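Hi everyone, thanks for making time for this. Please have a look at the structure on the screen, and then I'll walk you through it.

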Amino acid sequence: MMRVPPFKYVAPKTIAEAARALRDAGPEGMLLAGGTDLLPNMKRRQQTPKVVIGLSAVKDLRASLRGADGAVTLGAGLSLTDTARSPLVADAAYRALTTAASKVATPHIQAMGTLGGNLCLDTRCNYYDQNHEWRQAIDFCKKAPGPHGTAQREVTHGTCWVAPGSPRCWAVSSTDTAPALVALGAEVTLVSADGERRVPVLSLYKNDGMDYLAGKRRDEVLTAVHVPALVGWRSTYWKLRRRGSFDFPVLSVAAALRLGPGGVVEGARVTLGSVASCPLEVTTDALVGRPLTDEAIAAFADHAAKPARPLDNTDYHLSWRKRVVREYVVGALRELRGDPPGLLARSAARVLPVLA
Amino acid sequence: MSEIDVGLEVNGEQVRARCQPHDTLLALLRYRLGLTGTKEGCGEGECGACTVFMDGEAVDSCLVLAAQCEGRQVTTIEGLGRGWPDGLHPVQKAFMETGAVQCGFCIPGIIMSAADAITRRSDAAREEVRRLVAGNLCRCTGYTKIFDAIELARDRVARGEVRPEA
């Protein structure tokens, strides 16, 4: 049976105490929010912090509010269940976020896992998400180069088994909520012992399986998520996974759209998840200022699928996953245009036979 | 690493327990408190055999540190029937009557999730019941009788046929 390796436990009560504890722990310290990602990783010895700073007693991390300008602030310590059912984000504009949160793993994991934790979720790979003995048998990998892999960004040795000649790690960004929040134009607050700053969600990430959170300093605590008031917007989140009930995404498409008079697109944001080591934002200039016709959607979907370069390190065949990107972009935009669900299902059925 | 002291409520009783900082809630329940009804299956949050209520919500106790439980309220399968006739929760009774149990290892976890589900959604149709217990795996049954039992309990509670004792 897998056991959690020993560590020193610190339980701050305030955000300031947490930030100080994280600074004092240095590179050996890690934050524990819901624990649904870090604890399995620790049991498999993928991550072995010597100091664990538990955030469950920090009440301020669960505070949420709507500001005078209509923008919504969600505490990073809010569970995914509470995120999905928060009245502050009940509007259709925020559906990408609430759908994404409600599609993370299982109801149990959603009740435990937090919004901030999901944004910081470790990247995933078939060669990394295995127990210690399995990884030992392949002489470990670049991301967790044993004997007690630490997945720290300083480590530069080890082989990437996905692309053995590659200088970088190709583990996949598998967070559901990040693509959704990027599509909603959200920002996060990062607090350290020296102060705090607010940055766009997208700027947290770098396309590198190990240094995927390059936009957050190691001594910073992600404390809150800010979603702007999105008057007139609609959004959605499409997730591809093998089991409809319970799996990490192997593709996500988050899309947000504002349609003006005559169905002309006034604003559009589309983000892909799980096809790189970070969420990928797609430029939408070609959509804006025109009606959302079938032709416009098709041309945009071709363009959107280009940056997606799935590798052979997660579920499904990679060339099929690449094809589905296009179909999912089409489906998401048609849904936002208001196409009836039956039509969407027929469109999805075009790619599904490949599953067999 | 030195042991820590954790105070929490388990099945209605205040408990103080010594444990290691790296002990899970599951280890605390099974090995420090002797509450072995809660099972350890996968240990990584997939199978749900270790499901307990924490502050009223079903969680995987294998992924909660005991240290995180200071001041929290935990209910295990041993305490689920408290306050119900014969000390059995309607879901437990329905599982017995329906024959929903084969080897039984997953059952304490499934019953906890099911009890949480029918409390939250007394009108849940089968698809919703399936979704609410998606975090519990059973390798024996095929789930049909498990869902039958959950629906039986749901209907009995909804119709007021079984109520908690005053």
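Let me start with a term: helices (H or I, at least four residues) and strands (E, at least two) are DSSP runs, numbered from the N terminus. This is a predicted model, where local features need pLDDT of at least 70, side-chain atom pairs count only at pLDDT 80 or more, and totals for chains, interfaces and linings use all residues. Residues are numbered from 1 along each chain as its sequence is written, chains are lettered from A and ligands numbered from 1 in the order in which they are written, and side-chain values use heavy atoms, leaving out hydrogens and water.

What about charges? The rule finds three salt bridges across this interface, each being a side-chain nitrogen of Lys or Arg within 4 Å of a carboxyl oxygen of Asp or Glu. For instance, Arg44(A) pairs with Glu44(B), with the closest N and O atoms 2.3 Å apart.

Next, the second largest pocket. On a 1 Å grid over the protein atoms alone, a pocket is an open set of points where a 1.4 Å probe fits, with protein on both sides within 12 Å along at least five of seven lines; lining residues have an atom within 4 Å of a point. This pocket has a volume of about 400 Å³, meaning the space filled by probe spheres set on the points, which are joined across faces, edges and corners. Of its 20 lining residues, the closest to the centre are Gly244(A), Ser245(A), Arg130(B), Arg131(B) and Ala134(B). Helix 5 (107-112) of chain A and helix 4 (126-132) of chain B each supply at least two lining residues. Which helix gives the largest share? That is helix 4 of chain B, with three residues.
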